[in-house]
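The entries follow in the order in which I checked things.

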Amino acid sequence: MVSINYSAREVCCKIVYYGPGLSGKTTNLQYVHTKVPSTTRGELISLATEADRTLYFDFLPINIGTINGFQAKFQLYTVPGQVYYNATRKLVLRGVDGVVFVADSQPDKMDENIEALANLIDNLKEYGYDVNELPLVIQYNKRDLPNIMTTEEMDQKLNTYNFPTFEASATVGTGVFDTLKLIIKLVLEKAKNSQGSSKSSKPAEEAPASPASPEPAVPQAPAAPEPAAQVAVPPAAEPGPDEPLADPAVQPLGNDPYAAPPAASQVQGQPTAAVSTADIPVTSATDDRIPAYRPYPGAKQADPSAGGDAEMDERPYPGMNQSEKTLTNNDSATDESAAMENSGSITPRMAPSLKRREQKKRSFFKKLFGIK
Amino acid sequence: MSDSNLIIYEEEINQIEALISKMLKGAEAKCALLVDKDGHLITRLGFTHSLDTTALAALLAGSFASTKEIARLVGEPEFSVLFHQGKKDHIHMSIVGDRSILVVIFDDRTTIGMVRLYAKETATGLSKIFVEITEKSASGRKSAVEGDFVERAQEKLDDIFQD
């Protein structure tokens, strides 16, 4: 089902590429991944075997940008095509909004196509989907191969439900985007219509709410201020002097894998009405409600562009302050043999001045710890 | 199932985030994600700037789904709590209601017991909110996908998807 989040201001849909083994589902995603600008897509994640056969699923998030104030996000999944992976295929179908059935155009693969389509329909029915209602596009893939069936033949054998079809060659990219564009269009139209139909069954009071605020339809529970008050603790008390980073490191919903700007959210307490404007002021509604987390002492100042593990390297325990840490490091110097070994290994490469410094340092520590 | 979209308004997200914030503070955890079982990220709080939360949400939902199948094979309806232990960071996942997963990432500054305690309490609060959201979504809420949304999306797609 389409997930619409008014706080993050995003609409999120799930599209699954289904089909028999080796029909080109993963290749479709790989083509999209290579051709779409990196600002539009996230990383392609493949849970595959060593032989590059999909084991669980491939996953590619796409963010096509802001439309009417909402970011439109699509999550593209593939399923493992091999027959014996039906359990995992079914799991991936959970909550699907649209399906692309990738069929292999070679004549000897037709039986597998028919079997996979029947399997798809079975699995969808188990989740309670009506196959005639769910957006579904069939892609006749591998059209670049010499020995293939005609689309008429394939239609006759495969397309008994009269789904829209596309010819494609995923390795070179022909038809890949056309298929994706159509399925996205069908998914959005379905979302629009299903919402429209459910709205029409509502009382008339819903109608005037559509151009203005959605809030009248949502009677706010009186409980709302209470949990908000519970977390409104100023963060100043908690961090110690050795923990200079406070809330900057804490980001509620603002950092996407996409380079697109973070979702615009509104100031807390304001109505969530301004749906139609794309230029909603980007204000973090939740900043003041973030509790006083203790950031990692070793963490650098929050830098979204920084690599993932940069701040994770040295994380002393919270009770350990800097002087204790230094002392811990110096403890090893009390072990003379270790110190000698250490200096022995680095001396040959040392400049004379560094060597003197090293000797000075060593004598200082010897003095400090009373070593003769 | 496919007919009702999940529509969450800002006030509900605020309520959800307030509960999760309280949990993060109490359990001294690093960050928390609330993930739909379909793999959509609902919200995230805490120290998440270095995480690819979109991918994480999809993988965690997949992990939970496969564990559910394992549970079924051993005769359980589902495992309500999942725990991954790492060298530095650990992940605690617990079910919220019937369609969401609360994911808490924490390290050795706290304990699994603390996280579990707070996560359980938070999950109870969150599931109440989700019951309301599901009811309201099913009874027809104002959707963002309306008007010329589809047409404008098509224009964007034409710009982006060029061979």
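**Entry 1: a helix of chain B.** I looked up H4(B) and found B:Phe149, B:Val150, B:Ala153, B:Gln154, B:Leu157 and B:Ile160 buried. Buried means under 20% relative accessible area, exposed over 50%, and partly exposed in between, with a 1.4 Å probe and protein chains only. These residues lie on the same side of H4(B), because they cover an arc of only 135° around the axis. The arc is taken from the directions from the helix axis to the C-beta atoms. An α-helix has 3.6 residues a turn, so residues three or four places apart point the same way. On the other side of H4(B), I found B:Glu155 and B:Asp159 exposed.

I then checked the length. H4 of chain B runs over residues 149–160, twelve residues, and should span 16 Å at 1.5 Å a residue; its end C-alpha atoms are 16 Å apart, which agrees. The expected span is 1.5 Å times one less than the number of residues.

**Entry 2: ground rules.** The model is predicted: local features need pLDDT of at least 70, side-chain atom pairs count only at pLDDT 80 or more, and totals for chains, interfaces and linings use all residues. Residues are numbered from 1 along each chain as its sequence is written, chains are lettered from A and ligands numbered from 1 in the order written, and side-chain values use heavy atoms, without hydrogens and water.

**Entry 3: chain B as a whole.** I noted four helices and six strands in chain B. Helices (H or I, at least four residues) and strands (E, at least two) are DSSP runs, numbered from the N terminus. Along the sequence, the pattern of chain B reads β-α-β-β-α-β-β-β-α-α. Of its 163 residues, 61% are buried.

**Entry 4: A:Thr54.** Is A:Thr54 buried or exposed? I found A:Thr54 buried, at a relative accessible area of 9%. A:Thr54 sits in strand S4 of chain A, residues 54–67. The side chain of A:Thr54 makes a polar contact of 3.0 Å with the side chain of A:Thr26, and one of 3.3 Å with that of A:Asp58. A polar contact is a pair of N or O atoms within 3.5 Å; within protein, one must be able to donate a hydrogen and the other to accept it, and residues adjacent in sequence count only if both atoms are side-chain atoms.

**Entry 5: chain A as a whole.** I noted nine helices and eight strands in chain A. Of its 372 residues, 46% count as buried.
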